[in-house]
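Thanks for coming. I will go through one structure this morning, starting with its helices and charge pairs and ending with its pockets.

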Amino acid sequence: MTNKFEGTGVALITPFKEDLSVDFDALSKLVDYNIENGTNYLVVSGTTGESATISREEKKAILDAVVKTNNKRVPIVLGIGGNNTASVIEEITSADLSDVDALLSVSPYYSKPTQEGIYQHFKAVSQASPKPIILYNVPGRTASNMLPETTLRLARDFENIIAVKEAGNNVQQYLELIRNKPEGFSIISGDDDLALGVVLAGGAGVISVIGQAFPKEFANMIQLGLNRDVDEAYKLHFKLMDIMGHIFSENNPAGIKAVLAQKDLCKPDVRLPLVQASNTLKKQIADYIKSF
């Protein structure tokens with residue numbers, strides 16, 4: 001099962017029209033663009049998909065659109081998570097997951113639970129889920145860090161917890177996870193700038209933001225890393241390094257949407273409380289693309 005999630009997954013944005021309704025045509029265009037250029041799997045309605053401002057009805061329609069366009073070409077991961085355990089379980093048990101290969105579930109945010117609270121939350125989610133689960137640790141957004149010992153305890157205790165998307169931008173934490181993980185459990189980078197190093201250390205790949213704008217180059221970089229072609233992989237890493245910095249300099253996904261707008265894949269609109277990338281950032285992005 002974990003082999004489905006080796007290589008490059010992308011955390012899809014949710015494209016909006018100027019009136020901030022979902023732009024399903026742009027979404028289909030983006031899905032095709034990624035699959036045709038080497039992306040290995042798609043992640044729907046994660047943080048980058050602005051899940052915090054997407055209604056339950058919109059989320060279903062977005063998933064349906066991705067499933068239709070994908071047409072079973074690559075695996076699909078659906079984001080279902082939150083800080084109300086009962087609500088997360090209700091969403092899992094009521095959603096149609098027949099075309100979903102795994103769930104991406106974020107560590108509870110805002111509430112700042114203890115490590116035992118995080119463990120008990122994911123124990124309950126695991127027991128309710130009919131699909132494999134990829135844990136998601138992103139301390140910069142959740143205000144708490146799921147420590148390696150908690151992640152690995154969950155990995156050992158529950159067979160359907162198959163991977164973690166680690167996005168703490170903490171090299172030491174990645175290395176602890178890779179060194180101590182049980183067989184069959186995957187460490188997936190959630191940090192674009194660290195992804196190649198994580199793969200070279202033994203990670204399974206990445207769930208990327210920038211990868212959806214440069215799928216051919218990013219997926220090739222990760223595959224070269226998996227193949228241990230280090231010099232060639234780093235040539236691509238250095239080529240992509242500046243844009244990886246640009247897109248996170250203000251907020252995500254305003255930065256990546258500005259890149260995709262430059263590539264005529266969607267409009268740059270985001271929903272409040274996020275705002276579009278500044279004109280300064282848009283110019284930096286345009287200059288980078290011209291020179292790419």
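Helices and strands here are DSSP runs numbered from the N terminus, with helices being H or I over at least four residues and strands being E over at least two. What you are looking at is a predicted model, so local features need pLDDT of at least 70 and side-chain atom pairs count only at pLDDT 80 or more, while totals for chains, interfaces and linings use all residues. Residues are numbered from 1 along each chain as its sequence is written, and side-chain values use heavy atoms, with hydrogens and water left out.

Charge pairs, then. Side chains of opposite charge can pair when their charged atoms come close. I call it a salt bridge when a side-chain nitrogen of Lys or Arg is within 4 Å of a carboxyl oxygen of Asp or Glu.

Start in helix α10, where Glu232 and Lys235 sit three residues apart, about one turn of the helix. Their side chains form a salt bridge at 3.0 Å, N to O. For exposure, buried means under 20% relative accessible area, exposed means over 50%, and partly exposed is in between, with a 1.4 Å probe and protein chains only. Glu232 is partly exposed because its relative accessible area is 41%, and Lys235 is exposed because its value is 52%.

The next one is between Lys59 and Glu91, at 2.7 Å, N to O. This pair links distant parts of the chain, with Lys59 in helix α2 and Glu91 in helix α3, 32 residues apart. Lys59 has 14% relative accessibility, so it counts as buried; Glu91, at 12%, counts as buried too.

Asp269 is in the loop between α11 and α12. Asp269 is buried yet has no salt bridge, and the nearest side chain of opposite charge, Lys267, is 6.1 Å away. Opposite charge here takes Lys and Arg as positive and Asp and Glu as negative, with His and the chain ends not counted. What does the side chain of Asp269 join in a polar contact? It joins the side chain of Gln276, at 3.2 Å. A polar contact is a pair of N or O atoms within 3.5 Å; within protein, one must be able to donate a hydrogen and the other to accept it, and residues adjacent in sequence count only if both atoms are side-chain atoms.

Last, the pockets. On a 1 Å grid over the protein atoms alone, a pocket is an open set of points where a 1.4 Å probe fits, with protein on both sides within 12 Å along at least five of seven lines, and lining residues have an atom within 4 Å of a point. The largest pocket is lined by 30 residues, with Thr47, Glu50, Ser51, Ala52 and Tyr109 nearest its centre. Helix α3 gives the largest share of that lining, three residues.

The second largest pocket has 25 lining residues, and closest to its centre are Ala167, Gly190, Asp191, Phe248 and Asn252. Here α10 gives the most, with three residues.
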